Amino acid sequence: MPSKPPVHQARKRFGQNFLVDQNIIEKIIAAIAPAPGQNLVEIGPGQGAITGPLLEKCGQLNVVELDRDLIPLLQQKFQQYPGLVIHQGDALKTDFNQFYSNGQPLRIIGNLPYNISTPLLFHLLSFNQQICDMYFMLQKEVVDRLAAAPGEKHYGRLSVMVQYYCKVQPLFPVPPGAFRPVPKVESAIVQLHPYSEPPWPADDLARLSTLVKTCFQQRRKTIRNSLKLMMNPDQLHRLTDELDLDLNLRPEKLQVKTFVALSNHMGTIL
Ligand code: SAM
C-alpha cells in the first residue's frame, strides 16, 4: 500500500487556493480536452487537482511549482505516471522554450496565483510563437480586463497587449466555494489562443508596448497629451497631419489595430 501523501498547509504568499469542486475540475478538463501526444505544461499544480485528470487523459505533463514543500507530495501522489516531469521553480523566471523540445506547440494550463497573474501573462506572451493555447483560472476581474472591448470599463493595457497576441475567449465563472481556502474574489476560466501571425503586425513591439503603457498610465488624458511624453512638438505636428486619427480621444476608445497603426506611424517620424 502506498503511504499517505504528507499534509500541506495552504500558503497565502504563494496564492494557494486549491480547487476542490469536482464538477468545476471536470468542466475545466472538458474545455481543455487533453489528448495523448500533446505537449501540456501546468503552472502551479499545487496538490494536483487538475494535474491528476490531465495525466489520466494525456500521460505526459510538465509542471512548474514554486512551493518546495509540494514537490514530495506531487511525486508521491502521481508516482504511477512516469510522464510527469516536475520542475521546482518560479514560473515568472521559467524559460518555456525548454518544453518545446519535441516540436509540439505548448498547451499551457494553470489555476494561477492571482498575485502574479499579470506579470506571468506578459512573461508567457514572450513565448507566443511556441504556444498553441492557454487555459487559465484567474480573478474574474482580470478575465474581464483581458476580454474587454474599446469603450468598456475594463479596457486597458492588459486588454490591448494580450489581444494583440491572442484571441481571448472567456469560458465560465467559478464561485469562491470551489476552492479551499475560500478566496474573497470571484474567479473565471479564460482561453487564450495566440495568433500564428498577429492580425495587425507591429513594426516595433517595444514601441507599441511603451505607447500603450504611456497612454493608459494617464487614461483620463487625451492621446495627444500622452504622445507629448514620447515626441517633440514638431514630431507631434507631423503625426497629426499625416495620420487619420483624432488625437483628442482617450486611450480607452482606441482599438488594438489603431494603437498598432499609431505606433507604426510613429516609427516613420521618430
Ligand atoms: N493547481 C492547483 C489547484 O487548482 O488546486 C493549485 C492552484 S493555486 C491557486 C496556485 C499554485 O501556484 C500554488 O500551488 C502555488 O504554490 C503555485 N505558485 C505560486 N507562485 C508560483 C510561481 N511564481 N511559479 C510557479 N508556481 C507558483
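**The ligand and its surroundings**

Tutor: The ligand is surrounded by 23 residues, of which the closest are Q16, L19, G44, E65 and D90. The model is a predicted one. Two of those closest residues, Q16 and E65, also make polar contacts through their side chains. In the side chain of Q16, an N or O atom is 2.8 Å from an oxygen atom of the ligand. For E65, the separation between a side-chain N or O atom and an oxygen atom of the ligand is 2.6 Å. The backbone takes part as well: a polar backbone atom of P45 is 3.3 Å from a nitrogen atom of the ligand. Taken alone the ligand exposes 590 Å², and 98% of that is buried by the protein.

Helix α2 itself spans residues 51-58, and its buried residues are T51, G52, L54, L55 and C58. Viewed down the axis of α2, these buried residues fall within an arc of 165°, so they line one face of the helix. In general, residues three or four places apart in an α-helix point the same way, because there are 3.6 residues a turn. Just after α2 comes G59, with a positive phi of about 80°.

With a relative accessible area of 6%, N39 is buried, because the cut-off for buried is under 20%. A polar atom of the N39 side chain lies 2.8 Å from the backbone oxygen of F99. Leaving out residues up to four places away in sequence, N39 touches N62, F99, Y100, N102, Q104, P105, L106 and R107.

That leaves the cysteines, one of which, C58, is among the buried residues of α2. A disulfide is a covalent bond between the sulfur atoms of two cysteines. With a cut-off of 2.5 Å between sulfur atoms, the count comes to 0 disulfides. C58 is in no disulfide, and its nearest cysteine sulfur, that of C132, is 12 Å away. The relative accessibility of C58 is 8%, so C58 counts as buried. C132 is in no disulfide either, its nearest cysteine sulfur being that of C166 at 11 Å. At 27% relative accessibility, C132 counts as partly exposed.

Note on methods. Residues numbered from 1 in each chain as written. Predicted model: local features only at pLDDT ≥ 70, side-chain atom pairs only at ≥ 80, totals over all residues. Heavy atoms only, no water. Buried < 20%, exposed > 50% of the residue type's maximum accessible area, 1.4 Å probe, protein only. Helix = DSSP H or I, 4+ residues; strand = E, 2+ residues; numbered from the N terminus. Arc of directions from axis to C-beta. Near = heavy atom within 4 Å. Polar contact = N/O pair within 3.5 Å; in protein donor to acceptor, adjacent residues only side chain to side chain. Areas by Shrake-Rupley, 256 points an atom, 1.4 Å probe, with all protein chains shown as cover. Contact = heavy atoms within 4.5 Å.
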